[in-house]
Amino acid sequence: MNLLPTITTVDVQEQAPRVAVLPIGSYEQHGEHLPLITDTAIACVLVRELAAAYPVLALPPISIACSHEHGTWAGTVSISARTLHTVITDIAESLAASGIRKLVLVNAHGGNYVLSNIVQEANLTEPRMTLFPSGREWDRAREHAGLESNGHDDMHAGEIETSILLHAEPSLVRPGYESADHLSERPFLLTLGMKAYTETGVIGSPSYATAEKGKAVLASLTESFIDHLAVLGEE
């Protein structure tokens with residue numbers, strides 16, 4: 001795997017980026033076929049694609065975030081929303097001190113709800129921060145890649161996550177995803193947690209996953225990213 005940026009300080013000085021991209025994932029169960037680092041790996045893969053396509057500074061990931069809905073599964077680790085808020089605010093301030101005032105939060109875990117509030121607060125006086133990908137951009141990527149599932153049904157460890165890793169980091173995908181489909185409505189997810197709605201940890205259709213779909217999803221998201229540079233005032 002090559003998920004961490006390996007650039008040097010000289011590389012950054014020469015590139016002189018005006019925007020940094022911060023991958024944010026989680027450390028939580030993803031059924032039997034995907035690892036605990038799934039969301040972090042996907043965020044890092046996406047940032048790797050963005051840094052190859054645009055003049056942005058790729059940062060190392062925040063790998064433990066808000067996974068409390070998965071908290072009773074073995075291996076899952078969370079931090080509080082307050083802590084995540086503080087860490088990201090500190091990172092943004094540190095970047096600004098070195099001359100990089102604009103930051104994109106590249107989030108791959110749906111439970112990191114506090115990120116929306118962080119972005120709102122950061123943009124009080126000027127556009128300095130965005131949250132990527134949006135739900136609309138995920139939906140566009142699903143359509144572009146020809147996924148059979150939708151974002152609501154394919155919530156966790158399903159077609160889209162498995163496809164991305166089959167393409168970008170296939171060593172992370174274990175056998176068994178072909179028969180791991182499980183669909184469930186979850187009206188009280190925040191109250192009851194994931195275990196109320198799935199015994200395996202999966203809510204989605206990983207059997208539909210292919211590497212080709214994963215490649216197309218990443219291509220669509222990379223194309224969508226240009227809108228975030230534009231809203232931040234960057235060419």
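**Reading the labels in a predicted model**

Student: What makes Tyr-54 and Phe-225 an aromatic pair, and why is the pair called tilted?

Tutor: The structure holds two aromatic pairs. In that of Tyr-54 and Phe-225 the ring centres are 5.3 Å apart and the planes stand at 55 degrees; rings pair if their centres lie within 6.5 Å, and because planes under 30 degrees apart count as stacked and those over 60 as edge-to-face, the remaining angles are called tilted. Tyr-54 lies in the loop between H2 and strand E2 (57–58), and Phe-225 in the loop between H8 and H9, so the pair ties together parts that are 171 residues apart in sequence.

Student: How do you know whether Tyr-54 is buried or exposed?

Tutor: Buried means under 20% relative accessible area, and Tyr-54, at 16% relative accessibility, therefore counts as buried. Phe-225, at 0%, counts as buried too.

Student: Why is the pair of Phe-132 and Phe-225 called edge-to-face?

Tutor: Here the centres are 5.2 Å apart and the angle between the planes is 75 degrees; because planes over 60 degrees apart count as edge-to-face, the label follows. Phe-132 sits in strand E4 and Phe-225 in the loop between H8 and H9, so this pair ties together parts that are 93 residues apart in sequence. Phe-132 is also buried, with a relative accessible area of 0%.

Student: What kind of peptide bond joins Phe-132 and Pro-133, and how do you know?

Tutor: The bond joining Phe-132 and Pro-133 is cis, with omega at about -5 degrees, and Pro-133 has its place in the loop between E4 and H5.

Student: Why is H6 described as roughly perpendicular to H8?

Tutor: Helix H6 (residues 159–168) and helix H8 (residues 211–224) pack at an angle of about 95 degrees, and their axes are 7 Å apart. That makes H6 roughly perpendicular to H8, because angles from 65 to 115 degrees count as such. On the H6 side the residues that meet H8 include Ile-160, Ile-164 and His-167, while on the H8 side Gly-214, Val-217 and Leu-218 are among them.

Student: Which helices and strand are included in what covers the buried residues of H8?

Tutor: The cover includes helix H2 (38–53), strand E4 (129–132), helix H5 (135–145), H6 and helix H9 (226–231), and the residues of H8 that count as buried include Ala-216, Val-217, Leu-218 and Leu-221.

Student: Why is Arg-174 called exposed, and which residues does it touch?

Tutor: Its relative accessibility is 57%, so Arg-174 counts as exposed, the cut-off being over 50%. Arg-174 is found in the loop between H6 and helix H7 (189–192) and, not counting residues up to four places away in sequence, touches Glu-32 and His-33.

Definitions and conventions
Residues are numbered from 1 along each chain as its sequence is written. This is a predicted model: local features need pLDDT of at least 70, side-chain atom pairs count only at pLDDT 80 or more; totals for chains, interfaces and linings use all residues. Side-chain values use heavy atoms; hydrogens and water are left out. Axes are lines fitted to C-alpha atoms, for helices over the stretch in contact, and angles run from 0 to 180 degrees between N-to-C directions. Helices (H or I, at least four residues) and strands (E, at least two) are DSSP runs, numbered from the N terminus. Angles under 35 degrees count as roughly parallel, over 145 as roughly antiparallel, 65 to 115 as roughly perpendicular and the rest as oblique. Contact means heavy atoms within 4.5 Å. Buried means under 20% relative accessible area, exposed over 50%, partly exposed in between (1.4 Å probe, protein chains only). Rings of Phe, Tyr and Trp (its six-membered ring) pair if their centres lie within 6.5 Å; planes under 30 degrees apart count as stacked, over 60 as edge-to-face and the rest as tilted.
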